[in-house]
Every structure is written in C-alpha cells, then in structure tokens.
Amino acid sequence: SDNGGGDFAVTVTPVADGPVTLDVASSVATDTAGNANNAATQFTIENDETPPTVTISTSSSDPVSGAFSVDIDFSEDVTGLALGDIVVGNGAASALTGSGDSYSATITPAADGTVTVDVGAGAASDDAGNGNTAATQFSIESDSTMPAVVISTVSSDPVSGTFIVTILFDEAVTGFTSGEVV
C-alpha cells in the first residue's frame, strides 16, 4: 500500500521457518525529477513459527523411594517456566532450577503409588514468542514403605531338635540370605 511521500507498506507471509529476505532492485521507482532509485540493502529477518517441544525424564530408578529429581528439557532456549507450571499427581514439585533449554526440579511423592509429572502447553516460550507444546506425561512408581517380615513355623512349641521356619516378606525383596538370620 502507498502511504504517501515515498512510504510504502508490504505484507510478507513467510512459507517456512528460517531467514526471510526482501530486496528492492535499482531503477524500479523514480522521483518527480525522474531519478531512478538505488538498490536497497537486503533486509533479513528470522521466521520462527515452530513451538518448542519439552521432555521430562529422571535418572532415578523405578520405583523411587522418597524425593527425586526430574530433568525438563526443551528443544530450544525458552523463558518463563515457573514452578507452578509443573503439575504433579500424587506429590509436589520444588526447587526449580535451570535456564535456556535445560531445567530440573525436585519431586516429592505424597504417597506410595504412581507419581505423574506434567508441563502443559504454553508454560514457556521461545524468543519468537512461540509457547511450548505439552510434554508427554512422565510417570514413575513411588514405594517408600519398608517391607514387613513375619517369621513363623508349623512346629509346636516347645521343639525338640531341628525345626523349619518360614520367613515371609509382604513384597518381593532382594539381597536376603541365610546369613541375615540371627
């Protein structure tokens, strides 16, 4: 559109992410004296319409016992991520640290069972203002309850000589040997 006095406006619609360049060649317009224009210095601007993606992971083993740390990694640098953007099912988030494309937070389970961690769409944005996509829900099992153990026998009391006892844990355990029986 001609805004008058040599001022023109052009709407540019990029077709992809990446650099968008505009050129005005020499001699495409003339002033009232008949002088042709010089070529313009090329104009370049970066187009970024792709929202950052985000993944949530941990180096903790599954199941966890107690608080653990999660890594929240974006596909590019973002700003604006806040502790309240981390939604925890069966627990709470604390101690958010990081910047750019890498963050971490402490997750403290509220009870035994499944703990989920979500970061919703638009929690953070890139330099172009694109809000992130929602992360795939992270899930891990929490088991902070110590295994209970019961010792019993089918022998009558008192016994005379050798007898057998049954040692029963209320969940699967590892590392138990006969040397542990005192």
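Where does Asn-90 lie? In this predicted model, in which local features need pLDDT of at least 70, side-chain atom pairs count only at pLDDT 80 or more, and totals for chains, interfaces and linings use all residues, Asn-90 is placed in the loop between strand 7 (86-89) and strand 8. Residues are numbered from 1 along each chain as its sequence is written, and side-chain values use heavy atoms, with hydrogens and water left out. Strands are DSSP runs of E with at least two residues, numbered from the N terminus.

Asn-90 has a positive phi of about 65° although it is not a glycine. With a relative accessibility of 24%, Asn-90 is classed as partly exposed; buried means under 20% relative accessible area, exposed over 50%, and partly exposed in between (1.4 Å probe, protein chains only). A positive phi, near 55°, also occurs at Ala-95, a residue other than glycine. Ala-95 belongs to strand 8 and is partly exposed, its relative accessible area being 48%.

Searching the whole structure gave 2 aromatic pairs. Rings of Phe, Tyr and Trp (its six-membered ring) pair if their centres lie within 6.5 Å; planes under 30 degrees apart count as stacked, over 60 as edge-to-face and the rest as tilted. Phe-74 and Tyr-103 make an edge-to-face pair, with 5.8 Å from centre to centre and 80° between the planes. Because Phe-74 is in strand 6 (residues 68-78) and Tyr-103 in strand 8 (residues 91-109), this pair ties together parts that are 29 residues apart in sequence. Both Phe-74 and Tyr-103 are buried. For Phe-169 and Phe-176, the ring centres are 5.2 Å apart and the planes are at 70°, so this pair is edge-to-face. Phe-169 is partly exposed at 24% relative accessible area, and Phe-176 is partly exposed at 39%.

Two cis peptide bonds are described next. One joins Asp-62 and Pro-63, with omega about 10°; Pro-63 is in the loop between strand 5 (54-57) and strand 6. Another joins Asp-157 and Pro-158, with omega about 5°, and Pro-158 is in the loop between strand 11 (149-152) and strand 12 (166-169).

Val-10, Val-12, Leu-22, Phe-43 and Ile-45 make a nonpolar surface patch of about 450 Å². Patches consist of residues with over 30% relative accessible area and no salt bridge, nonpolar side chains (Val, Leu, Ile, Met, Phe, Trp, Tyr) being joined within 5 Å and like charges within 9 Å. A salt bridge is a side-chain nitrogen of Lys or Arg within 4 Å of a carboxyl oxygen of Asp or Glu. Accessible areas come from the Shrake-Rupley method with a 1.4 Å probe. Val-10 is in the loop between strand 2 (7-8) and strand 3 (18-22) and counts as exposed, at 67% relative accessibility.

Methods:
Helix = DSSP H or I, 4+ residues; strand = E, 2+ residues; numbered from the N terminus.
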